[in-house]
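Let's take a walk through this structure together. Have the sequence and the 3D view side by side as you read.

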Amino acid sequence: MKLVLITIVLLGLAFAGIAIKIWAKKDGKFAGTCASQSPFLNKEGEACGYCGKLPEEQDCKKEQLN
């Protein structure tokens, strides 16, 4: 029972931390959400499958279209 309570408290803290981060960011947006930003996920330097952004570009192309 003690392990279940500790797990619930830690998950609650994690969700609270994410909620605070979203609340603190301007318009609730996270920076660098394209997969092309991560060298671990994009080893070949391909464009983002979601917006088409290349790794050397800074802004997500979907944001520019809106």
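The paragraphs below go from the whole chain to a few residues.

This is a predicted model, in which local features need pLDDT of at least 70 and side-chain atom pairs count only at pLDDT 80 or more, while totals for chains, interfaces and linings use all residues. Residues are numbered from 1 along each chain as its sequence is written, and side-chain values use heavy atoms, with hydrogens and water left out.

Start with the overall picture: the protein has two helices and zero strands (DSSP runs, H or I of at least four residues for helices and E of at least two for strands, numbered from the N terminus). Of its 66 residues, 11% count as buried (under 20% relative accessible area; exposed is over 50%, and partly exposed lies in between, with a 1.4 Å probe and protein chains only). Carbon and sulfur atoms hold 64% of an accessible surface of about 5800 Å² (Shrake-Rupley method, 1.4 Å probe; for residues, only the protein chains shown count as cover).

Now find helix α1, residues 2–24, where Ile6 sits. Ile6 counts as partly exposed because its relative accessibility is 45%. Together with Val9, Leu10 and Leu13, Ile6 makes a nonpolar surface patch of about 400 Å². Patch residues have over 30% relative accessible area and no salt bridge, with like charges joined within 9 Å and nonpolar side chains (Val, Leu, Ile, Met, Phe, Trp, Tyr) within 5 Å; a salt bridge is a side-chain nitrogen of Lys or Arg within 4 Å of a carboxyl oxygen of Asp or Glu.

Next, move to the loop between α1 and α2 (61–65), which holds Asn42. Asn42 is buried, since its relative accessible area is 13%. Its C-alpha atom is 8.4 Å from that of Pro55, 13 residues apart along the chain.
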